[in-house]
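Here is a protein to read with care.

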Amino acid sequence: MSSTQERTEAQDLPYDVFAKACPSRGTLEHVTGRWGALTVGALHRGSLRFNELRRRVDGVSEKMLSQTLQALERDGLVHREAQPTNPPRVDYELTPLGHEVAARLLALIHCVEGRMDEVLAARERYDETRGAR
């Protein structure tokens, strides 16, 4: 695709994530942030309860997971289903939009995981030439 075609297509879009005030930037941050990406990735196989999700996303605090889920729910990527049971049961699952985003995100995750040997070798070369930080 030529740069002219790319510019034309970008002009046709109503949103531009590169523009500071564009609302798509916030959604991109929610999805690609540390906990957002892991949360969306963890929910791609199906519904999970809060504590199941917390165990799956190793290292996330209860507060951060709660904030992440609220942001993703507000953006329409996650559906929260509260069951009227005692104790209360709350399940989280991806919406159709969330599944679409997850598919693209998982492709990136699998790419990174599949190339980690190269990444680790690059880090080692970098550290050798510039000194470990």
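The questions below set values against definitions.

This is a predicted model, in which local features need pLDDT of at least 70 and side-chain atom pairs count only at pLDDT 80 or more, while totals for chains, interfaces and linings use all residues. Residues are numbered from 1 along each chain as its sequence is written, and side-chain values use heavy atoms, with hydrogens and water left out.

Q: Why is aspartate 91 called buried?
A: Buried means under 20% relative accessible area, exposed over 50%, and partly exposed in between, with a 1.4 Å probe and protein chains only. Aspartate 91 has 10% relative accessibility, so it counts as buried.

Q: Where is aspartate 91 placed?
A: Aspartate 91 is in strand 3, residues 89-94. Strands are DSSP runs of E with at least two residues, helices are runs of H or I with at least four, and both are numbered from the N terminus.

Q: What makes the pairing of aspartate 91 and arginine 89 a polar contact?
A: A polar contact is a pair of N or O atoms within 3.5 Å; within protein, one must be able to donate a hydrogen and the other to accept it, and residues adjacent in sequence count only if both atoms are side-chain atoms. The side chains of aspartate 91 and arginine 89 make such a contact at 3.0 Å.

Q: Which residues is aspartate 91 in contact with, leaving aside its neighbours within four places in sequence?
A: Contact means heavy atoms within 4.5 Å. The partners of aspartate 91 include Ser47, His79 and Gln83.

Q: Why is threonine 39 called buried?
A: Its relative accessible area is 0%, so threonine 39 is buried. Threonine 39 is found in helix 3. Leaving aside neighbours within four places in sequence, its contacts include Leu65, Thr68, Leu69 and Leu72. Those four are also among the buried residues of helix 5.

Q: How do you know that the span of helix 5 is close to the expected one?
A: The expected span is 1.5 Å times one less than the number of residues. Helix 5 (residues 62-74) has 13 residues, and 18 Å is expected. From first C-alpha to last, helix 5 reaches 18 Å.

Q: Which residues of helix 5 are buried, and why are they placed on the same side?
A: Leu65, Thr68, Leu69, Ala71 and Leu72 are buried. They cover an arc of only 165° around the axis, so they lie on the same side of helix 5. The arc is that of the directions from the helix axis to the C-beta atoms. The face turned away from the buried side carries the exposed residues Lys63, Gln70 and Arg74.

Q: Which residues of helix 6 are buried, and what makes them line one face?
A: Gly98, Ala102, Leu105 and Leu106 are buried. Seen down the axis, they fall within an arc of 120°, so they line one face of helix 6. Their cover includes helix 2, helix 3 and strand 3. The face of helix 6 turned away from its buried side carries the exposed residues Pro96, Arg104, Leu108 and Gly114.

Q: What joins asparagine 86 and proline 87?
A: A cis peptide bond joins them, with omega about 0°. Proline 87 lies in the loop between strand 2 and strand 3.
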